[in-house]
Amino acid sequence: MSGMMALFRRDLLLALRGGGGPGLALVFFASVIAVAPFALGPDLVLLARIGPALIWLAALLATLLGLDRLFARDAEEGTLDLLFASPSALELLVLAKAAAHWMTTGLPLAVVSLLLSLMLNMSVATGFATALTLLIGTPALTLIGVIGASLTVGLRRGGLLIPVLVLPLAVPVLIFGVAAVEGVAQHGFMAPAFLVLAGLVLATLALIPFAAAAALRAGRN
Amino acid sequence: MRGGRSLVRDFSLVLGGGEALVLTGPNGVGKTSLLRLMAGLLAPADGTIRFDAEPGRTDRTLSEDCHFVGAQDALTPELSVIEHIRFWARLLGDDTGSEAAAFSILDALGIGHLETMPAGYLSSGQRRRLSLARLLAVPRPLWLLDEPTNALDTAGRERLRILIARHRALGGMVVAATHDPLELPDAMELDLISMAGVR
């Protein structure tokens, strides 16, 4: 456990000190939402209707942005070799890295989305519902991205491959994430789409650490 | 096997406690690959590599019994020198490690005055000393050193020599790939050029 905590704390520290990654994702997320009304026109009813979908799309792309560095950076430094040499299970270490990534991207995205929902003329209830579904759903986006990051760790410019690998896997999360916004706003937490979204998150949480660890082991050289 | 080429074949070696082995040979002959094989970071195409401190033990992998210090120094520019020691002690040792121990490790390598310096500002010799500090952060029986004296000054080499001697006196093993005569007393020497197959 101490190995997992050490890695989690290190990655958080790097994200806070290094700038770059998390800040970039937030700025990207906010810019997409901020410029969308200029492209779509000043139709407030339209903006309010497609707002949750826009926010979810922007959150998906912002999460993937910079995820390619998750393991590639450690591989270049040599820290990845240390993860193999740790007595902690590689699966748990992968989970620690994913958790640190989520804390510095998914979590701030969910918080900032509250503010951005106002820019899209969404009602307060829908805004809160969107933030809540992002809070619950973004761990799945991060974890699905981790699969792409672990598969492309040995490739130069592997980041180009990640969206191609990951976007099809992220589609179910996107579908149920957006559907859950309306469900939660109207029916509360027992809305079916919200439950499916939560189920997807639990499934990725259970399966992806094993898959990503296997990909890292297969890719070492 | 590396890049479709077989590097070492028909090769058997047993290293006992307190013993040292120096790998020599020209560039590209496979010294680093052999070290990474021993570290469990590469899978052998054929054959086995075992560590039998306690025979029959299967709950640990090869990588957990050794330290591999190579050209990639596993240093993170944003973390300070002392943070590296703490991180390694927890990641590799499942141990929180005392502050005093971390300082004495830095002193042993002559970088005690750099404790709060981010690794990004270190010179290449200081980086090398810090990556060697990993050997002390967590005790492990087998040290695999790939060109450990690269970028080290004379004093740094002397400190490394003392560390290796102390490690061996406690029953540890050392395998080093080097061009620099490390003056390891009574170390076995393995010249890889004579081991390689058809070239």
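Among contacts in chain B between residues at least 6 apart in sequence, what share joins residues at least 24 apart? The figure is 73%, where contact means heavy atoms within 4.5 Å. This is a predicted model, in which local features need pLDDT of at least 70, side-chain atom pairs count only at pLDDT 80 or more, and totals for chains, interfaces and linings use all residues. Side-chain values use heavy atoms, with hydrogens and water left out, residues are numbered from 1 along each chain as its sequence is written, and chains are lettered from A and ligands numbered from 1 in the order in which they are written.

**Chain B overall**

- Chain B has six helices and five strands; these are DSSP runs numbered from the N terminus, with helices being H or I of at least four residues and strands E of at least two.
- Reading from the N terminus, the elements of chain B go β-α-β-α-α-α-β-α-β-β-α.
- Chain B has 199 residues, and 48% of them count as buried (buried is under 20% relative accessible area, exposed over 50% and partly exposed in between, with a 1.4 Å probe and protein chains only).

**Helix 2 against helix 4 in chain B**

- Helix 2 (residues 81-93) of chain B and helix 4 (residues 124-137) of chain B have axes that come within 10 Å and cross at roughly 40°. Axes here are lines fitted to C-alpha atoms, for helices over the stretch in contact, and angles run from 0 to 180 degrees between N-to-C directions.
- That angle makes helix 2 of chain B oblique to helix 4 of chain B (under 35 degrees is roughly parallel, over 145 roughly antiparallel, 65 to 115 roughly perpendicular, and the rest oblique).
- On the helix 2 side of chain B, the contact uses V81(B), H84(B), I85(B), W88(B), A89(B) and L92(B), and helix 4 of chain B brings L130(B), S131(B), A133(B), R134(B) and A137(B).
- By class, the residues of this contact between helix 2 and helix 4 of chain B are eight nonpolar, two polar and one charged (Ala, Val, Leu, Ile, Met, Phe, Trp, Tyr, Cys and Pro count as nonpolar, Asp, Glu, Lys and Arg as charged, and the others, Gly among them, as polar).

**Helix 6 against helix 8 in chain A**

- The axes of helix 6 (residues 90-104) of chain A and helix 8 (residues 124-151) of chain A also come within 10 Å, crossing at roughly 130°, so helix 6 and helix 8 of chain A are oblique to each other.
- V94(A), L95(A), A98(A), H101(A) and W102(A) of helix 6 of chain A meet L135(A), T138(A), P139(A), T142(A), L143(A) and V146(A) of helix 8 of chain A.
- The contact of helix 6 with helix 8 of chain A has eight nonpolar, three polar and no charged residues.

**The nonpolar core**

- The largest nonpolar core has 119 residues, and F29(A), F71(A), I85(B), W88(B), L130(B), L144(B) and V175(B) touch the most other members. Such a core is a set of buried Ala, Val, Leu, Ile, Met, Phe, Trp, Tyr and Cys residues joined through side-chain atoms within 4.5 Å.
- Leaving aside neighbours within four places in sequence, V175(B) is in contact with residues including L15(B), M38(B), W143(B) and L144(B).

**Positive phi in chain B**

- A74(B) is not a glycine, yet its phi is near 60°; A74(B) is placed in the loop between strand 2 (66-69) and helix 2 of chain B and is buried, with a relative accessible area of 3%.
- E147(B), another non-glycine, has a positive phi of about 50°. E147(B) is in the loop between strand 3 (142-146) and helix 5 (154-169) of chain B, and is buried at a relative accessible area of 15%.
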